[in-house]
Amino acid sequence: MPRWFVTGGGGQLATALQSLLDGTVLVSREADLDIRDARAVYAAIHDFAPDVVLHTAAYTDVDGAERDPDTAAAVNTGGTRNIVDAVRGTHATLVYFSTDYVFAGDKGAPYVETDATGPLNVYGRTKLAGEAEVLGWSRGMVVRTSWLFSETGTNFVKTILSAARTKSRTGERLRVVDDQVGSPTYAGHLASAVLEALRQGVEPGLYHLGGGGYCSWLELAREVVQLAGLPVAVDPVSTEELGRPARRPAFSALVSERPIPRLPSWVEGVSAAVDRLLTLG
């Protein structure tokens with residue numbers, strides 16, 4: 001049976017992966033393993049001797065990264081380098097999860113793996129540097145994804161559902177950005193596709209895996225509200241009006257030109273997540 005080492009325990013993707021893994025699984029949380037500590041990472045990986053390392057841990061606060069670029073780089077780039085260094089000399093496959101924010105968002109169409117990168121913010125730059133570390137390893141696999149959500153953790157779908165429930169009682173309206181477009185990705189669908197790709201024995205390298213199709217944050221919010229059956233209006237607002245510290249790509253949807261399992265549409269993913277959230281109450 002395979003041995004799986006998962007970083008980022010407690011996060012959306014780690015949780016989704018853990019629910020699907022068979023064999024021996026070690027899930028490390030930040031409190032258990034600080035990936036910035038090279039010696040600790042080396043010891044943890046060599047003690048466990050995994051067949052596959054699923055590296056989901058990351059500094060994901062996009063605006064926070066602008067305020068604290070050193071920490072973002074230490075986690076996303078330096079931490080990933082520590083993991084790569086630890087798997088060198090072993091037989092392990094390393095899967096690193098990256099982001100659509102490595103792109104500038106000015107292509108006007110979904111990005112494929114061979115498109116030029118050009119991150120607009122610290123988060124994107126540190127994740128792109130992490131990609132380079134992984135792709136320098138002979139058994140390194142980079143999976144870029146987009147706008148991750150699930151019924152666990154903190155994410156846009158959960159935030160909108162919670163806000164809509166509140167505003168349905170107060171009669172207030174929601175305001176959501178309408179000038180950023182991406183491929184919302186359900187963590188359960190992403191986890192299933194990645195594990196299927198590994199079972200199929202896909203070659204190491206770079207892959208795009210996002211929810212099928214694309215939409216704006218506004219369209220995503222309206223889908224959540226509609227699926228939840230809440231009488232809340234959702235109005236558009238521009239990125240400029242929000243005045244966030246980090247620049248975001250205007251159009252960062254992802255598609256793949258490589259042989260890898262495709263994900264269901266983003267609408268199916270949102271439906272699955274909202275159904276579970278409504279069941280959970």
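A pocket here is an open set of points on a 1 Å grid over the protein atoms alone, where a 1.4 Å probe fits, with protein on both sides within 12 Å along at least five of seven lines; its volume is the space filled by probe spheres set on the points, which are joined across faces, edges and corners. Of the 16 residues lining this pocket, W4, V52, T93, L198 and R199 are the closest to its centre, where lining means having an atom within 4 Å of a point. Helix α7 (residues 187–200) gives the largest share of that lining, three residues. By class, the lining has 10 nonpolar, two polar and four charged residues, with Gly counted as polar and Asp, Glu, Lys and Arg as charged.

A word on the source: this is a predicted model, in which local features need pLDDT of at least 70 and side-chain atom pairs 80 or more, while totals for chains, interfaces and linings use all residues. Residues are numbered from 1 along each chain, and side-chain values use heavy atoms, without hydrogens and water.

The chain has 10 helices and 12 strands, taken as DSSP runs (helices H or I, at least four residues; strands E, at least two) and numbered from the N terminus. Six strands form an open sheet with parallel pairing, in the order β2-β1-β3-β4-β5-β10; pairing takes at least two DSSP bridges. Because β2 (24–27) and β10 (205–208) stand at the edges with a single partner strand each, one side of each has no neighbour in the sheet.

Within the sheet, four bridges join β3 (residues 52–55) to the parallel strand β4 (residues 93–99), and L54 has V95 as its bridge partner in β4.
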